[in-house]
Amino acid sequence: MQRWNSSCPACGGVLVRHVQDWVARCGDCGLERSALADAVVNGQADFGWTKNTFDSLEALRLANATRTLDLLARHTELEDLALLDVGCAAGWFLDIARNRGMRTEGIEPYPDAAARARAKGHDVRDSTFPLPEIPDASLDAVSFNDVFEHLPDPLAALAEVRRVLRPGGFLILVMPDSDGTFYRLARLSALRLGATGPYERMWQRGYQSPHLFYVNKANLAMLCGRAGFLPVDERRLPSIALAGLWTRLRTGRSANLAVSSVMYAGIAATYPLIRYVLPSDILLQIHRIEPV
């Protein structure tokens with residue numbers, strides 16, 4: 001198989017072409033990387049934050065924010081903790097964190113999303129990460145909620161997180177899992193049936209900010225360890241919720257009515273299996289810098 005020019009950021013292994021020309025996989029740890037940062041490869045990027053996107057994700061994001069902070073609270077007091085949420089979108093994670101007594105701020109590059117967060121009283125910077133003006137050792141926690149997989153250089157991002165965190169500070173990563181049920185089905189459909197639509201949708205090909213990486217729990221932990229972080233805890237989070245599901249299915253270039261209807265009916269009928277038995281497509285890991 002064709003080799004890529006870059007090495008795996010998690011283990012340094014060789015990346016080789018996998019499934020599609022624009023995807024490579026590490027033969028050692030299984031991390032997957034896309035070439036979708038290239039606008040030519042990504043195609044016409046005409047799907048970003050829309051009202052439908054906000055409406056369809058709100059219930060799930062708020063619920064997962066609660067689950068995430070419940071897990072963090074097992075390891076530290078949340079009251080008065082200084083948190084930066086990178087790619088904060090409409091401020092869902094900031095909502096729950098502020099309710100828990102944390103001192104919060106966000107970074108968000110998309111104006112519509114940032115405006116929604118500010119309308120709820122959040123301090124949000126119109127920028128991307130890393131942000132050099134953040135002082136060294138000034139934060140207790142940095143969170144990436146469905147954001148880290150969009151960053152082109154994960155090791156550089158983790159180095160920046162180490163810079164801005166105080167000793168003992170926490171890194172929170174919520175991101176898609178390549179061992180998740182929907183991703184594995186989409187990959188299998190692309191490989192065996194030549195049906196690439198679901199696979200491209202999982203990578204968000206053609207969106208303003210496509211996925212550049214897919215990880216599993218082992219290689220994500222390896223990546224963070226390589227950057228000097230210590231593992232604290234992990235769990236899977238729900239990747240779908242019935243609330244907002246119809247709107248979510250109707251968003252995107254492949255969202256015709258017939259296909260959306262069939263998908264909604266299938267997911268609704270099998271929801272207990274998807275929710276409680278099969279591996280979820282969202283992975284949560286918490287890491288930290290060693291306390292002094």
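This is a predicted model: local features need pLDDT of at least 70, side-chain atom pairs count only at pLDDT 80 or more; totals for chains, interfaces and linings use all residues.
**Entry 1: overview**

I started with the chain as a whole. It has 292 residues, and 49% of them count as buried. I then looked up the secondary structure and found 11 helices and 12 strands. Next came the contacts between residues at least 6 apart in sequence: 68% of these join residues at least 24 apart.

**Entry 2: the cores**

In soluble globular proteins, nonpolar side chains tend to be buried together. With that in mind, I asked which residues have the most contacts inside the largest nonpolar core. They are Val 142, Phe 144, Phe 148, Tyr 199 and Phe 229, in a core of 49 residues.

Setting aside neighbours within four places in sequence, I found Phe 148 in contact with Pro 154, Ala 157, Leu 158, Leu 173, Met 175 and Leu 223. There is also a second, separate core of 24 residues, and Ala 65, Leu 83, Leu 94 and Leu 237 are among its members.

**Entry 3: Asn 219**

My next stop was Asn 219, which sits in helix α8, residues 217-226. Is Asn 219 buried or exposed? Its relative accessible area is 0%, and the cut-off for buried is under 20%, so Asn 219 is buried.

I then checked for a polar partner. A polar atom of the Asn 219 side chain lies 3.1 Å from the backbone oxygen of Cys 29. Leaving out neighbours within four places in sequence, Asn 219 is in contact with Ala 10, Cys 29, Gly 30 and Leu 31.

**Entry 4: α5 against α8**

Staying with α8, I looked at how it packs on helix α5, residues 154-164. The two axes come within 9 Å and cross at roughly 55°. I noted the crossing as right-handed.

Which residues meet here? Pro 154, Leu 155 and Leu 158 in α5 meet Leu 223, Cys 224 and Arg 226 in α8. Pro 154, Leu 158 and Leu 223 were already in my list of contacts of Phe 148.

**Entry 5: α2 against α3**

Last, I looked up helix α2 (residues 51-72) and helix α3 (residues 92-99), which pack at an angle of about 40° with their axes 8 Å apart. This pair is therefore oblique, and the crossing of α2 and α3 is right-handed.

On the α2 side, the residues I found include Phe 54, Leu 57, Arg 61, Ala 65 and Leu 69; they meet a set in α3 that includes Trp 92, Phe 93 and Ile 96.

Definitions and conventions
Residues are numbered from 1 along each chain as its sequence is written. Side-chain values use heavy atoms; hydrogens and water are left out. A nonpolar core is a set of buried Ala, Val, Leu, Ile, Met, Phe, Trp, Tyr and Cys residues joined through side-chain atoms within 4.5 Å. Buried means under 20% relative accessible area, exposed over 50%, partly exposed in between (1.4 Å probe, protein chains only). Contact means heavy atoms within 4.5 Å. Helices (H or I, at least four residues) and strands (E, at least two) are DSSP runs, numbered from the N terminus. A polar contact is a pair of N or O atoms within 3.5 Å; within protein, one must be able to donate a hydrogen and the other to accept it, and residues adjacent in sequence count only if both atoms are side-chain atoms. Axes are lines fitted to C-alpha atoms, for helices over the stretch in contact, and angles run from 0 to 180 degrees between N-to-C directions. Angles under 35 degrees count as roughly parallel, over 145 as roughly antiparallel, 65 to 115 as roughly perpendicular and the rest as oblique. A crossing is left-handed if the near helix is turned anticlockwise from the far one by less than a right angle, and right-handed if clockwise.
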